[in-house]
Amino acid sequence: MDAYSKLTATLKRIGLLDAAAGLLGWDEQVNLPPQSAGLRAQTNAALAEVIHQEFSRPEIDEWLRELEEQELSADASCVVHETRREYDRAVKLPADFVCRRTEAASAGYHAWTQARKQSDFAAFAPMLAQQLDLAREEAGYLGQGDNPYDYWIDRFDPGMSAGVFADLFDELRSPLKALAEAVLAAPVQANVSIFKGFPVEAQESFLREVLARIGFDFQYGRLDTAVHPFCGGSGWDTRLTTRFAADNPLDSLFSAIHEAGHGLYEQGLRAGNPDAFGLPLSSAVGMGLHESQSRLWENQVARSDAFWDFYEPRYREAFATQLDGVSSDELRLAISAVQRQPIRVDADEVTYNLHVILRFEIERALFAGELDVAGVPSAWNELSEELLGLTPDGYANGCLQDVHWSEGFFGYFPSYALGNVLAAQLWQSANDALPKLNAEIAQGSFESLLSWLRENVHRHGKRFGTRELVRRATGQEVSAEPLLAYLRDRYESRYGLS
Ligand code: ZN
């Protein structure tokens, strides 16, 4: 076997081990018995150690050196270049550190679920401090001890930095606050209390039909319930979760569509690269682009009038008693409700990025040493007042609401906002390329949109960075303008402001 075959065979084997680890992670959030968390933390750590050992083998370095001397095809260069980047990172992290970090992620997650239940920040604070220390330690091993926050942002979105996001957020902050204030002061307001007593079984069968129709392939994936909705696995075995509440049917529906958007990206990575399991060719380019796919299906598509032109009769059929006496205008306004409320995952499109900016400011201050862990709750409340116009009524609805920090995911939140920005850019380009798209969606047909996304986004894997991929797909640089234009257009007309 030549060096390239040996390298790709090894990467596929590591991909299989990663798939096993991913499945354990899914199981931990979907099925784990209450007293089994300790064993699972150790199991995760043992498997992470094996994966790390496999990926740190010196032969990989030898094969890469040999290949770096050769003329390679574009795909082979992508594999070599991306593997070099990850390999260098893996060998610089000591095995005992990888083990400690994985155990801390499991312990942190379980501490967070307890602390959130009790709304007890003091119980979670030592875990948060430990996660911050580990995050700084990791950045140090990679030679980025002076810029730990930039290191973490680049981990999730290669090529991005705190400075780039600070500029993007400066463009978004004032226009979004102004649009939210205008909508909240509009003479018509959404009435979300129409959503009461929607049976969970009917919610589930409705949203399963939606997921299948937009193109999620249940032959390669499944849907379960979890406290915090997520999408795990790969396009070969895609695990979606949502959660159900009888009085909040839109949460389960839009969470499921959001996670299915992630799943469609993963399944598109597989469809475009069926022989590339475990290789960078079938891996997502970054979390911002991943979020752009979930947000595009959740918002641009599933909150549009065209989508509800098709689905409203079906929704009324499924929930005839509950929607009796609710007019079409009331229903659609409730679907695009803009509200002052403290929870990011419940946030509407207009205020969502303001929730992200809040977290970005706190993370940046924590890593810069301008804020300590004990100061997080009050900093959170101040920023919440400034950006969202409210103070959360407790830690569970404030600084304890998100899972990310408990597992050591710092620098991840900005990817959500980048996802919103990219979703609007891609949506604009898809509509330019497919002038009948709106009419097709109103007929319940999503195929041409999914094909456009597969062709222009999904199939590329890591062949291009986020910025290059966006340039190719849209002909534009990353820009906040299409998002602001799209939000003004949709919300000013729906709330009678234009
Ligand atoms: Zn997401």
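At 2% relative accessibility, E291 counts as buried, where buried means under 20% relative accessible area, exposed over 50% and partly exposed in between, with a 1.4 Å probe and protein chains only. This is a predicted model, in which local features need pLDDT of at least 70 and side-chain atom pairs count only at pLDDT 80 or more, while totals for chains, interfaces and linings use all residues. Residues are numbered from 1 along each chain as its sequence is written, and side-chain values use heavy atoms, with hydrogens and water left out.

H262 in helix α10 (residues 249–272) and E291 in helix α11 are 29 residues apart, a pair that links distant parts of the chain. Helices are DSSP runs of H or I with at least four residues, strands are runs of E with at least two, and both are numbered from the N terminus. H262 also counts as buried, because its relative accessibility is 6%.

Three strands form an open sheet in the order β1-β3-β2, with mixed pairing. Its edge strands, each pairing on one side only, are β1 (221–225) and β2 (231–234). Two strands pair if DSSP finds at least two bridges between them. β1 and β3 run parallel and are joined by five bridges; T225 stands opposite T242 in β3. β2 and β3 (residues 237–242) run antiparallel, with four bridges between them. C231 stands opposite L240 in β3, and the bridge partner of S234 in β3 is D237. A hairpin of two residues joins β2 to β3. Five of the six residues of β3 are buried, which leaves the strand mostly covered.

Helix α1 (residues 3–30) lies across β1 and β3, running at about 20 degrees to β3. Axes are lines fitted to C-alpha atoms, for helices over the stretch in contact, and angles run from 0 to 180 degrees between N-to-C directions.

Now the interior. Nonpolar side chains tend to be buried together in soluble globular proteins. A nonpolar core is a set of buried Ala, Val, Leu, Ile, Met, Phe, Trp, Tyr and Cys residues joined through side-chain atoms within 4.5 Å. The largest such core has 128 residues, and those with the most contacts inside it are I257, W297, F307, Y315 and I362. Leaving aside neighbours within four places in sequence, I257 is in contact (heavy atoms within 4.5 Å) with V210, L211, I214, W297, E298, A302 and F307. A second, separate core of 20 residues includes I14, I51, C78 and Y87.

In helix α7 (residues 148–156), the buried residues are P148, Y149, Y151, W152, I153 and F156. These pack against α4 (74–92), α6 (121–141), α8 (162–184), α11 (287–301), α14 (349–368) and α16 (413–433).

Helix α4 also holds R84. R84 counts as buried because its relative accessibility is 16%. Not counting residues up to four places away in sequence, R84 touches D61, L64, R65 and E68.

S119 lies in the loop between α5 (95–118) and α6. Phi of S119 is near 50 degrees, a positive value in a residue other than glycine. Most residues other than glycine have a negative phi. With 27% relative accessibility, S119 counts as partly exposed.
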